[in-house]
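Take a look at the structure below. Keep it in view as you read.

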Amino acid sequence: MKDQDPVVIIGGGFAGVKLAEDLLKADFKNKIILVDKNNYNFFPPLLYQVATGFLDVSNISYPFRKHFRSFKNFSFIMGELKQIFPDENKIMLSCGEIRYSKLIIATGTITNYFGNDNVRKNALPMKTINDAINLKNKVLERLELASKTSDIGLKRKLTTFVIAGGGPTGVEIAGMLSELRKNILHRDYPELKGEVFSIYLIDGLPTVLAPMSKDSQDYARKTLEESGVLLKVGQVVKDYTDGIVHIADGTTILSENLIWTAGVTAQKFPGLPDASYGKANRLIVDANNKVELTQNIYAIGDTCIMESDPAFPKGHPQLAQVAIQQAKLLAHNIIAESKGRPLKKFNYKDKGSMAIIRRNRAVADLNGPVKHFNGFIAWLIWIFIHLMSLINFRNKVTTFFNWLNSYLTKDQPLRMIIDPSKDKIV
């Protein structure tokens with residue numbers, strides 16, 4: 001390894017972008033190379049609004065090259081990490097190999113199907129931009145088919161939605177679908193005016209929003225039930241074949257729309273010891289985010305697990321704030337190390353969590369004088385926090401006006417089926 005070799009960051013999510021920004025703004029002497037399989041950053045908490053046609057892809061995404069163009073010490077490579085060679089301080093990407101002085105893995109997580117191949121093949125995940133676009137296309141295609149078919153059973157399957165996973169993403173999708181059902185679907189599809197458009201939310205835990213406070217859980221459950229969402233908690237999806245969702249209690253739901261938000265797992269990369277990985281393939285890191293059994297490899301965000309923080313002995317929650325705070329501290333430590341200064345240990349400052357349920361309804365657990373908000377106030381807090389968290393001013397402005405239009409009209413003209421991979425008519 002040479003001191004002038006670049007610092008290489010794998011993954012351009014919350015953690016990777018924040019780390020690159022802080023190092024570049026501090027005029028760190030080494031070149032910074034950001035590697036990502038996409039050429040853009042996107043905002044995962046709002047993917048479900050792209051999937052349901054309330055936001056455009058451009059509202060929540062932005063090209064890396066444009067975002068970092070003012071920094072001469074920055075380079076971007078579009079590619080995927082294939083293998084790590086720790087002894088040689090180099091990595092193999094899908095587009096070639098590069099050397100590094102420090103390697104930071106910030107690849108986040110991927111969808112976890114818990115070994116169920118039928119679910120993996122047939123369900124609709126919600127983890128990436130491509131997933132969100134595909135979900136929107138599939139749902140709209142199935143509604144178009146439902147509007148034409150005379151088969152009552154098929155029509156019911158096409159207009160029934162099942163969401164697996166009662167965390168924030170599952171709750172937010174269920175709430176958004178209930179808004180679509182109430183305000184839009186019968187107007188867009190008058191042929192389906194008599195259809196129920198059933199929405200099920202299934203989770204293996206006994207409540208929705210399990211990581212949040214009991215007040216938030218109870219409020220979310222009540223609001224979802226008032227919105228007509230059918231809750232099946234304490235149950236898991238066991239299988240999904242031929243448009244039939246099989247539940248652990250032996251019951252089934254006929255649906256062509258199984259939306260999967262039930263779990264995530266990190267990725268494993270050839271070259272790192274198996275002992276460096278913990279639960280759900282998360283890389284085990286010390287208090288400075290250095291990967292166990294390595295010298296100059298670090299992991300930040302959802303892809304790592306740190307058990308040295310006294311307040312979180314089983315690891316931190318996989319939240320954006322954890323990723324951002326770890327990135328900020330790692331940038332500080334990299335710069336400190338280059339100047340011979342002592343390093344700081346990571347301690348997560350929990351700012352709380354929140355989830356939107358539907359129009360004017362949200363929950364927020366905060367670490368302030370008031371610990372809990374729900375309803376309209378929580379909805380406003382959610383709107384403000386998510387707007388401010390978008391990567392640049394353009395995204396903030398376009399998203400705000402899209403939301404304003406949706407709020408005033410109870411509608412949004414973004415329900416287009418755009419799929420360049422095929423040209424068939426459903």
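Predicted model: local features only at pLDDT ≥ 70, side-chain atom pairs only at ≥ 80, totals over all residues.

Residues are numbered from 1 along each chain as its sequence is written, and side-chain values use heavy atoms, with hydrogens and water left out.

## Nonpolar cores

A nonpolar core is a set of buried Ala, Val, Leu, Ile, Met, Phe, Trp, Tyr and Cys residues joined through side-chain atoms within 4.5 Å. Buried means under 20% relative accessible area, exposed means over 50%, and partly exposed lies in between (1.4 Å probe, protein chains only).

The largest nonpolar core holds 59 residues. Met126 and Leu201 have the most contacts inside it. Helix α5 (residues 129-148) gives the most to this core, with seven residues. Helices (H or I, at least four residues) and strands (E, at least two) are DSSP runs, numbered from the N terminus. There is also a second, separate core of 28 residues. Ile77, Ile84, Tyr277 and Ile297 are among its members.

Contact means heavy atoms within 4.5 Å. Leaving aside neighbours within four places in sequence, Leu201 is in contact with residues including Ile163, Val171, Ala174, Val208, Leu224 and Leu231.

## Salt bridges

A salt bridge is a side-chain nitrogen of Lys or Arg within 4 Å of a carboxyl oxygen of Asp or Glu. The structure holds 15 salt bridges. Three of them are listed here.

| Salt bridge | N to O distance |
|---|---|
| Lys90 and Glu97 | 3.5 Å |
| Arg120 and Asp117 | 2.6 Å |
| Glu195 and Arg156 | 3.3 Å |

Start with Lys90. It is buried, at 14% relative accessibility. Glu88, Lys90 and Glu97 are linked in a network of salt bridges.

How far apart in helix α4 are Arg120 and Asp117? They are three residues apart in this helix (residues 117-122), so about one helical turn separates them. Arg120 is partly exposed at 44% relative accessibility. Asp117 is partly exposed at 35%.

The salt bridge between Glu195 and Arg156 links distant parts of the chain, 39 residues apart. Glu195 sits in the loop between α8 (185-188) and β13 (199-203), while Arg156 belongs to helix α6 (residues 152-158). Glu195 is buried, at 14% relative accessibility. Arg156 is partly exposed, at 37%.

## Two residues in loops

Is Ser227 buried or exposed? Ser227 is buried, because its relative accessible area is 15%. Its place is in the loop between α9 (214-226) and β14 (229-233). A polar contact of 2.7 Å joins the side chains of Ser227 and Arg358. A polar contact is a pair of N or O atoms within 3.5 Å; within protein, one must be able to donate a hydrogen and the other to accept it, and residues adjacent in sequence count only if both atoms are side-chain atoms.

Gln318 is in the loop between β22 (304-306) and α10 (320-338). Gln318 is partly exposed, with a relative accessible area of 33%. Leaving out residues up to four places away in sequence, Gln318 touches Thr109, Val264, Arg282 and Asp302. The backbone oxygen of Asp302 lies 3.0 Å from a polar atom of the Gln318 side chain.

On a 1 Å grid over the protein atoms alone, a cavity is a set of points where a 1.4 Å probe fits but cannot get out, and a pocket is an open set with protein on both sides within 12 Å along at least five of seven lines; lining residues have an atom within 4 Å of a point. Grid points are joined across faces, edges and corners, and a volume is the space filled by probe spheres set on the points.

The second largest pocket has a volume of about 410 Å³. It is lined by 23 residues, of which Arg359, Trp379, Trp403, Ser406 and Tyr407 are the closest to its centre.

The whole structure has two cavities of 30 Å³ or more. The largest cavity has a volume of about 150 Å³. α5 gives the most to its lining, with five residues.
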